[in-house]
Amino acid sequence: MGCGAQKNSTGLNEKLRAKALVIFKRIDINNSGSIDKDETQKFWKTNFAKVNTQALFNAVDFDKSGQISEDEWMAFWEIVKKSGYTDKEISEELDNLMEGKAWVQFRKVDEFVKRDQLRKNSQVQQIVKQNSKRKSLVQQQQSFHQQ
C-alpha cells in the first residue's frame, strides 16, 4: 500500500473503527477479546497463513505477548491513520482483510513504532490505553441504553 497523502493527525472515523472491529471479531473465533496465532492462521486458511500471521503479529502485537488484544488492534489502525494513510487507503486494506487477502506492511507505521521504542513516554502505549478507555465508555453507554 503506497501513501502519497499528506499527514493527518485526526484519528479513525467511526465507520473505519467499526470495520476494523468487525475484522477483529471475525478473527477472534473463540470470542476471547484477543486473537492468537492459531486463530489468525485459521482466518487466512491456506492464503500464506503462517507468513501473514507472522507479519500481523510483528506489526500489531505491541507488547509481544503472543496475543493481540482488541485495544492493540484498534490502536494499530489509529497509528496507521496518524502515520498519514488516508481513510480511503485504510478502508481498502480493511476490505481486503475482510476478503481474507494478505496482510500488508505499513512501512510508515513500522517506522513510527521503531521511533516510539526510543521514547521515554511511549505514544503507542498511550494510544492503546486511549482505545481501552474508549471501549469502556462505549460499553457503559450501551449498558445504560439497555436499562
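1. A word on the model: it is predicted, so local features need pLDDT of at least 70, side-chain atom pairs count only at pLDDT 80 or more, and totals for chains, interfaces and linings use all residues. Residues are numbered from 1 along each chain as its sequence is written, and side-chain values use heavy atoms, with hydrogens and water left out.

2. Helix α3 covers residues 49–60, and its 12 residues reach 16 Å from first C-alpha to last, close to the 16 Å expected at 1.5 Å a residue. Helices here are DSSP runs of H or I with at least four residues, and strands are E runs of at least two, numbered from the N terminus.

3. Ala49, Asn52, Thr53, Leu56, Phe57, Ala59 and Val60 are the buried residues of α3 (under 20% relative accessible area, 1.4 Å probe, protein chains only). They sit on the same side of α3 because they cover an arc of only 165° around the axis, taken from the directions from the helix axis to the C-beta atoms. Lys50 and Val51, on the other side, are exposed (over 50%).

4. The buried residues of α3 pack against β1 (34–36), α2 (37–44), β2 (67–69) and α4 (70–82).

5. UniProt, in an unreviewed entry, places "domain: EF-hand" at residues 48–83; such annotations may be inferred rather than shown by experiment. That stretch is 69% helix and 8% strand.

6. Glu78 lies in α4 and is buried, at 8% relative accessible area. Its contacts (heavy atoms within 4.5 Å) are Gly11, Leu12, Arg17, Ile127 and Asn131, not counting residues up to four places away in sequence.

Definitions and conventions
The expected span of a helix is 1.5 Å times one less than its number of residues.
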